[in-house]
Amino acid sequence: MTIYEEVQEVFSFYKSKRCVIGYSCQGREIYAFHVGKDYGRQFIAVCGTHAREWICARLAIKFIKQRVAVGGWIIPLLNPDGAIISQTQKPLWKANYRGVDLNCNFDADWGAGVLNTTVRGAENCIGDYPLSEPESSALARFTKQVAPFVTLSFHTKGGEIYFEYGGVGDKTGANIISAYTGYHPKMLKGSAGGYKDWCIKKLSIPAYTIECGSDGLTHPVTKLKDINECFGLLTYFFDNYSPTSGGLKKI
Ligand SMILES: [Zn+2]
């Protein structure tokens, strides 16, 4: 059973609000699950952006079953085609089906990252223009519709939390994530075009990238227990971070 099929199965039995936000290059559905209150400001949590980090989709399935104090949407597997490539052919693949790294394809200083390339392949390719890919454009469109108060992106690995872009961010949320997981809040230099970057720069909302699992792990992480410090994270985060807690500040 592929990770895509695992998510599909949860979707088919899900009793609460759910939707398909778009389709991958190969026509697979990109699912979103609603949790918590269906009124008030909402959050978005996204997993499985990078193909080889598909273990985060299993973490998302855990999150879907847990209580949260606010409401929001969980997208377990943004890049289903890539995840299947990683599971079946090329374990270290990060990009989508056509070799574009979705986390370099957002409209936030697109193409300015130090590792960025226009050459398609396993990682770091920016695509032809911002949001050229069906997966990134589906996420951007959905995010604009929901107008979340915060976004969380789950990746592997390294035990780090990124919370800043272009000199602004909200460290409050990073400290909450750090208190629960033991991960370190960090400023990331030379990176651009990510979903978090776009949320901070273009939507002016706090956004976090969480690199789940210790740096000693090897890609792809295949055992959920290797990132068990994240299991109750969403519940803990929203018990401590509300629509009125944060806001972007100059760092
Ligand atoms: Zn990643």
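Guide: Let us begin with pairing: two strands pair if DSSP finds at least two bridges between them. Helices (H or I, at least four residues) and strands (E, at least two) are DSSP runs, numbered from the N terminus. The model is predicted, so local features need pLDDT of at least 70 and side-chain atom pairs count only at pLDDT 80 or more, while totals for chains, interfaces and linings use all residues. Residues are numbered from 1 along each chain as its sequence is written.

Visitor: What makes β3 and β5 a pair?

Guide: Five bridges join β3 to β5, and the two run parallel. One of the positions concerned is Ile 44, whose bridge partner in β5 is Thr 151.

Visitor: Which other strand is joined to β5, and by how many bridges?

Guide: Six bridges join β5 to β10, again in parallel. Thr 151 stands opposite Ala 207 in β10, and Ser 153 stands opposite Thr 209. β10 is also joined to β6, by three bridges in the antiparallel sense; there, Ile 161 has Ile 210 as its bridge partner.

Visitor: What is the order of the strands in the eight-stranded sheet, and why is its pairing called mixed?

Guide: The order of this open sheet is β1-β2-β4-β3-β5-β10-β6-β9. Its pairing is mixed: β5 and β10 run parallel, whereas β6 and β10 run antiparallel. The edge strands are β1 (18-23) and β9 (184-186), each pairing on one side only. β1 pairs with β2 (residues 29-36) in the antiparallel sense over five bridges, and Arg 18 has Phe 33 as its bridge partner in β2. Helix α6 (residues 195-202) packs on the sheet, touching β3 (42-47), β5 (150-156), β6 (160-162) and β10 (207-212). The direction of α6 makes about 165° with that of β10, where axes are lines fitted to C-alpha atoms, for helices over the stretch in contact, and angles run from 0 to 180 degrees between N-to-C directions.

Visitor: What makes β7 and β11 edge strands in the other sheet?

Guide: Three strands form that open sheet, in the order β7-β8-β11, with antiparallel pairing. β7 (164-165) and β11 (249-250) each have a single partner strand, so one side of each is left without a neighbour in the sheet. Two bridges join β7 to β8 (residues 168-169), and Tyr 165 stands opposite Val 168.

Visitor: Why is β5 said to be largely enclosed?

Guide: A residue is buried if 20 or more other C-beta atoms lie within 10 Å of its own, exposed if 12 or fewer, and partly exposed in between, with C-beta atoms placed from the backbone. Seven of the seven residues of β5 are buried, so the strand is largely enclosed by the rest of the structure. Val 150, Leu 152, Phe 154 and Thr 156 lie on one side, and Thr 151, Ser 153 and His 155 on the other. β10 is mostly covered as well, with six of its six residues buried.

Visitor: How do you know whether Tyr 97 is buried or exposed?

Guide: Tyr 97 has 21 C-beta neighbours inside 10 Å, and therefore counts as buried. Tyr 97 lies in the loop between α3 (80-88) and α4 (134-146). Leaving aside neighbours within four places in sequence, Tyr 97 is in contact (C-beta atoms, placed from the backbone, within 7 Å) with Ser 24, Cys 25, Gln 26, Asp 81 and Gly 82.

Visitor: What makes a group of residues a nonpolar core?

Guide: The term denotes a set of buried Ala, Val, Leu, Ile, Met, Phe, Trp, Tyr and Cys residues joined through C-beta atoms within 7 Å. The largest here has 77 residues, and those with the most contacts inside it are Ala 57, Leu 59 and Ile 74. Helix α2 (residues 55-64) gives the most to this core, with eight residues. Beyond its neighbours within four places in sequence, Ile 74 has contacts that include Ala 32, Phe 33 and Phe 63.

Visitor: How do you know that the protein agrees with a compact globule?

Guide: The radius of gyration is taken over C-alpha atoms, and the globule rule is 2.2 Å times the number of residues to the power 0.38. With 251 residues, a compact globule would have a value near 18 Å; the protein has 16 Å, which agrees.

Conventions:
Two residues are in contact if their C-beta atoms, placed from the backbone, lie within 7 Å.
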